[in-house]
Amino acid sequence: MLRTASLVAFLSLFLTSLSATADDAFDILEATISEAHAEMAAGRLTAEQLVTAYLQRIERYDQASGLNAIIVVNGKAMERAKALDEEYANTGTLRPLHGIPVVVKDNFDTADLPTTGGSIALKDSVPPDDAFLVKKLREAGAIILAKTNMAEWAFSPVVTVSSVAGTTRNPYDLERVPAGSSGGTAAAVAANLAMVGLGTDTGNSIRGPSSHTALVGIRSTMGATSRDGIIPLNLRNDIGGPMARTVEDAARVFEVVVGYDPADPITKRSQGKLSASYVNALDKDGLQGARLGVFRRYLIEETTDPQILALMEAALADLEAAGATIVDPFDISLFNLRLAPLGCDRFVYDINNYFDSLGDAAPYATIQEIWEAGAYDPSIKQRLAAKLESDTAPDDRFFPCNDVYSNRFSRWFRDAVTNAMEKAEIDAIIYPTWSYPPRRIGDLDSPSGNNSAALSPKTGFPSITVPIGYVDGSLPAGMTFVGQLFSEEDLIRYSYSFEQATQHRRPPADFD
């Protein structure tokens, strides 16, 4: 027998389903998790209605526009939504991500959908279980709505092109790139084809696409989130994390996915260091008293688009107006340590181990077999060939290719950054996420401008990118906050305060 509160919730949902019209339907354009949950709690929205609305937008926009963000829609999404609606009717309780449609980059294992890594070689490969982060999303009540396109094997930080799904475009200008490699997730979330998404980041791939599409993206401290079930590019640097339209939504997803995972030993470092609630860091006055160092090496006229420079200068004024102290310039005297062999390439070793994890269901046993079969996009041929030439096991190399906590070069670089921050008495480092606006599709010659590959990946430090405005009125740009190990709570506080003070995010004009 239903409790009274549960019965009221059930009847409210039932009556809503009978009386809802197109005029009073929940508007999903730029909708947030808390807004959706408020509507569910009021009996005006169901998970089934929410999934239906996003599926309609995918059908209306994704292939029709040429955006091409989605690889496959989850045929069980509606079934999952109905089950969650029934659960809410019975319990009167919403889980943290109850009924929230999420898109997932196609290098996260999903037990109910193929996981391809963007490769035609894995087009029918269904893993035996979910990646840890996907499992955590489902436990929190999220609905995996679709898998998103990515740069094949996550090779490119600049473009999102795969042999399994082709080219993904930027929703703010369909003639431009969304960066890579999580460009499919970025394009889908920016175009409101889902509420939030998951991407992965080895040297750029959450923050770069987020910057190019006016999103918030979080790369966590190495060890705050599990890498289990993520098709690797370079396991020592790979991290999965949220991509969202608001800092609040990114924090809500981040709060769900962090934590210890026995399948990924590096997450043991997170024990006792994670916040009890990252959502509690959402403080409009969060910049009061913060000291932020401007990393001027990434703000040089000769290597930065003048409009990006202008947007950053405006952002610095906004940060100061919101209560932050700006330390400008901030520098790292031993910054060239980043050029030491910190990011040693271990793709062949890591990807072959991933194939082993698929067991007998693995379509190929090694990446060499995929090379010999020609099962790859021609655009990655040279890159793949180079990686096959460096297939020595990480521990057998002259400089062992171990994790950022064990590698001596990583420790030296992390110490150099830490010492510089402590000497300047700053809480976070700030700089433009990219120094140039999104390239045109097919343009391989204009400056790249990716500033994401050094400070976070090579130290293990966390970072967050947030929108700072638009170049030429419509091409998004972002600013990165970098903090010391396990300082995500502070970074969320600073970025939320900045976001609330500036409100730069707006949906792409052609996807309204």
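A cavity here is a set of points on a 1 Å grid over the protein atoms alone where a 1.4 Å probe fits but cannot get out. Points are joined across faces, edges and corners, and a volume is the space filled by probe spheres set on them. This is a predicted model, with residues numbered from 1 along each chain as its sequence is written. Local features need pLDDT of at least 70, side-chain atom pairs count only at pLDDT 80 or more, totals for chains, interfaces and linings use all residues, and side-chain values use heavy atoms, without hydrogens and water.

**Stop 1: the cavity**

The count comes to 1 cavity of 30 Å³ or more. The largest cavity holds about 40 Å³ of space. Select Val216, Arg245, Val466, Pro467, Glu499, Thr502, Gln503, His504 and Arg505 to see its lining; lining residues have an atom within 4 Å of a point. Helices (H or I, at least four residues) and strands (E, at least two) are DSSP runs, numbered from the N terminus. Colour the lining by class: 3 nonpolar, 3 polar and 3 charged residues. Nonpolar covers Ala, Val, Leu, Ile, Met, Phe, Trp, Tyr, Cys and Pro; charged covers Asp, Glu, Lys and Arg; the others, Gly among them, are polar.

**Stop 2: a helix pair**

Select α3 (residues 47–65) and α4 (residues 77–91). Their axes come within 7 Å and cross at roughly 155°. The two helices are therefore roughly antiparallel (angles over 145 degrees). Axes are lines fitted to C-alpha atoms over the stretch in contact, with angles from 0 to 180 degrees between N-to-C directions. Now show side chains. Ala47, Glu48, Val51, Thr52 and Leu55 in α3 meet Ala77, Met78, Ala81, Lys82 and Asp85 in α4, contact meaning heavy atoms within 4.5 Å. By class, this contact has 6 nonpolar, 1 polar and 3 charged residues.

**Stop 3: cis peptide bonds**

Go to Gly180 and Ser181. The bond between them is cis, with omega near 0°. Ser181 sits in the loop between β5 (166–167) and α6 (183–190). Next, pick Asp328 and Pro329: cis again, with omega near 5°. Pro329 belongs to strand β10 (residues 325–330).

**Stop 4: positive phi**

Pick Asn68, in the loop between α3 and β1 (70–73). Its phi is about 60°, positive although Asn68 is not a glycine. Asn68 is buried (under 20% relative accessible area), at 10%. Finish at Glu425, between α13 (408–424) and β11 (428–432). Phi of Glu425 is near 55°.

Note on methods: On a 1 Å grid over the protein atoms alone, a cavity is a set of points where a 1.4 Å probe fits but cannot get out, and a pocket is an open set with protein on both sides within 12 Å along at least five of seven lines; lining residues have an atom within 4 Å of a point. Angles under 35 degrees count as roughly parallel, over 145 as roughly antiparallel, 65 to 115 as roughly perpendicular and the rest as oblique. Buried means under 20% relative accessible area, exposed over 50%, partly exposed in between (1.4 Å probe, protein chains only).
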